[in-house]
Amino acid sequence: MGKIVEIEGVNKLYGSNHVVKNLNLSIEEGEFLTLLGSSGCGKTTTLRMIAGFEEPSTGSIKVEGESIEEKEPFERNVNTVFQTYALFPHKTIFDNIAYGLKMKKVPKKEIKERVLAMMDMVQLNGFEKRYPSQLSGGQKQRVAIARALINRPRVLLLDEPLGALDLKLRKQMQLELKRLQKKLNITFIYVTHDQEEALTMSDRIAVMNSGVIEQLATPSEIYEKPKTRFVATFIGETNIYDGCITNITDGIATMTLENGAVKVACPEDFSLLEYATISVRPEKMKFETKPVDGFELVAQVKDYVYVGSVLKCIVSLPNGNELKIERLAGQELPPIGSRCYPYWNPEDAVLIHNESHYIFEQLNSIKLA
Amino acid sequence: MSRKKSKHEFRANTLPAMLTVGPVTLIMILLIAVPLLYVAVMSVCSLDEYYNVTFKFTLSNYTRLLNADYIKIYIQSIVIALVTTVLCILIGYPFAYFIARTKSKKKKILYMLVIIPFWTNSLIRIYGWRSFLGTSGWINSILQGLHIVNEPVDLLYKQGTTILGMVYCLIPFMILPLYTAIEKLDTSLLEASSDLGARPSSTFFEVILPLTSSGIFSGSLMVFIPCLGYFFVSDILGGGNSDVIGNLIERQFQSGNNWPLGAALSIILIIVTLILVKIYQKLGGDMDSLGV
């Protein structure tokens with residue numbers, strides 16, 4: 001497996017608006033890569049640059065080892081599934097799907113065979129003569145995917161393709177897309193703002209924030225070992241604590257927070273007296289009615305929210321910060337308003353470098369100089 | 001009980017309707033329906049020996065319209081209208097496409113350039129062309145001044161001059177519906193076409209042209225129909241060499257003093273117009289885009 005798309009040092013500016021900042025990304029052949037981020041983070045711009053609808057201000061994009069800046073969109077061996085589907089309203093479903101082959105002047109007989117086979121694959125048999133306006137959202141989506149896939153692209157670009165579908169259909173299509181991708185072994189570059197969608201479908205996720213990739217990793221790594229505070233808060237629910245590392249013993253750090261000291265597993269790149277951030281997922285949080293050794297947090301039970309399989313406990317710290325703690329339903333609980341002691345296994349908490357630490361360090365070095 | 005209710009209904013529904021829509025309806029009846037009816041009645045009246053209109057029913061006004069001389073002018077008029085329409089499409093489409101798609105600030109200026117001529121009487125503008133093209137007009141002065149020609153070139157009083165004037169007068173009616181249709185075009189469709197391997201020319205014929213055909217239809221209708229009636233253009237620029245149906249009508253009411261015949265011609269022109277609009281509707285044309 002080689003690298004199929006290589007993005008090197010790409011910047012994109014609209015006037016003075018720096019949308020994509022020094023982007024480096026290489027994508028493996030046959031991979032399902034998701035660009036995840038909120039709107040305006042540059043993910044769609046990145047996709048459009050690969051498709052050829054936008055030109056990078058600086059940097060280069062290679063597909064199959066070949067630089068594609070000089071190529072017009074119609075010369076590139078990539079196809080796009082648009083967010084709005086962009087089906088041709090005046091053409092039948094058959095003609096919509098056949099469009100790419102017709103442009104390549106494939107013989108009529110072969111077009112017919114391939115279109116019908118493709119329609120079979122996306123379960124649209126019998127819809128040949130209909131027009132896009134006569135289809136439901138989910139069916140339009142399938143047509144859009146079929147229309148792109150029939151060209152057998154090396155890379156398929158998908159721009160929030162499921163954004164307009166309702167939740168149930170979206171879940172179903174997520175699985176179908178994943179199945180198609182595995183079956184056809186085509187590289188998918190998928191853009192979404194839906195973190196759950198990204199976690200379900202991707203081989204790797206690039207989390208983007210204001211034009212920068214914050215972390216590029218597998219879904220489980222993104223969820224369990226977030227590299228930055230943004231990634232930790234953007235993916236799933238979490239509890240965030242800012243503090244200072246005041247002791248490191250046997251790979252376990254003691255962090256002093258505003259509300260007292262806690263313990264956390266400490267990777268080697270953290271040092272004593274560093275300002276850092278801890279992220280603990282609600283399902284990893286626990287609490288007791290008696291003080292726990294090594295944890296000095298004291299909180300008050302605010303509310304219990306029943307969400308089916310688990311019970312969400314909201315507890316508040318003296319400084320007003322609320323913590324989310326998940327417990328299996330059916331366990332005995334302290335009454336609302338009573339005192340509790342939150343804690344976690346030090347291995348379940350993730351320590352994250354705090355950007356403000358570097359500023360602090362730099363300020364210090366200036367002073368020393 | 002029922003009387004009370006009807007009084008209430010009158011206050012709630014009929015009275016406000018009368019107050020709001022009433023005056024408009026009245027104006028429409030007085031200024032459009034009544035004159036039309038008058039023309040329709042006039043078209044079946046006859047003339048006495050002193051050329052006075054008498055209310056004696058006859059269809060001879062209509063049968064006279066089948067005269068070979070008239071038919072020649074109908075054909076000439078239709079040819080002029082067709083050529084004008086085609087020229088308007090050829091000139092108007094690229095222009096409309098440009099102003100609809102350009103992102104620059106010139107967009108508004110270009111749009112205004114199409115609208116502004118509407119604020120000046122078209123008769124005056126056509127006279128402007130006459131002094132521009134005449135034997136002592138600008139073009140001839142420049143050509144003679146540069147000694148390109150010795151004698152003034154005869155530019156006026158040709159069928160081509162009439163068509164030039166028609167195109168000039170009617171092109172905004174082509175550009176505006178085209179602009180609306182092209183503006184509505186979803187950019188992602190063009191991107192999709194290009195993405196699927198279509199060269200710009202294929203994208204134009206496969207996607208852009210079919211999706212803006214409604215604009216071409218309504219623009220053509222808006223140009224073709226007035227073109228049959230714009231008698232002043234052929235009068236001023238064509239000098240009687242390129243009469244349109246409008247000239248025939250005008251002449252019957254003015255110099256010919258044969259109002260019933262003019263009325264019959266007008267009725268025929270109205271019927272032709274209605275048939276064309278009906279065809280347009282049948283082809284799926286949108287009536288709103290005609291109301292520029």
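User: In which sense do strand 3 and strand 9 of chain A pair?

Analyst: The model is a predicted one. In it, strand 3 of chain A covers residues 32-36 and strand 9 of chain A covers residues 204-209. Between them, L35(A) stands opposite A206(A) of strand 9. The two strands are joined over 4 bridges, and the sense of their pairing is parallel.

User: Which residue in strand 10 of chain A does A206(A) stand opposite?

Analyst: Strand 9 of chain A also pairs with strand 10 (residues 212-217) of chain A, in the antiparallel sense and over 5 bridges. In this pairing, the residue of strand 10 opposite A206(A) is L216(A).

User: Which residue in the turn of the hairpin formed by strand 9 and strand 10 of chain A has a positive phi?

Analyst: The hairpin leaves 2 residues between strand 9 and strand 10 of chain A. One residue in this turn has a positive phi of about 35°, namely S210(A).

User: Which residues have the most contacts inside the largest nonpolar core?

Analyst: The largest nonpolar core has 104 residues. Its largest share, 6 residues, comes from helix 4 (residues 137-149) of chain A, and the core draws at least three residues from each of domain 1 and domain 2 of chain A. Leaving aside residues up to four places away in sequence, I189(A) touches I27(A), L33(A), L35(A), L47(A), I50(A), V155(A) and L157(A). The residues with the most contacts inside the core are A146(A) and I189(A).

User: How many residues does the second, separate core have?

Analyst: Among the members of this second core are F173(B), I175(B), L221(B) and V233(B). The core is separate, and its number of residues is 43.

User: How far apart do the C-alpha centres of domain 1 and domain 2 of chain A lie?

Analyst: The domain assignment of chain A gives domain 1 as 3-230 and domain 2 as 237-368. The C-alpha centres of these two domains of chain A lie apart by 39 Å.

User: Which element gives the largest share of the side of chain B that touches chain A?

Analyst: The contact takes 15 residues from chain B and 17 residues from chain A. On the side of chain B, the residues divide into 7 nonpolar, 4 polar and 4 charged. The elements of chain B that give two or more residues to this side are helix 8 (187-195) and helix 9 (200-229). The largest share, 6 residues, comes from helix 8 of chain B.

Note on methods
Residues numbered from 1 in each chain as written. Chains lettered and ligands numbered in written order. Predicted model: local features only at pLDDT ≥ 70, side-chain atom pairs only at ≥ 80, totals over all residues. Core = buried A, V, L, I, M, F, W, Y, C linked by C-beta atoms within 7 Å. Buried ≥ 20, exposed ≤ 12 C-beta atoms within 10 Å, placed from the backbone. Domains from an automatic or database assignment. Contact = placed C-beta atoms within 7 Å. Nonpolar A, V, L, I, M, F, W, Y, C, P; charged D, E, K, R; others polar. Pairing = 2+ DSSP bridges.
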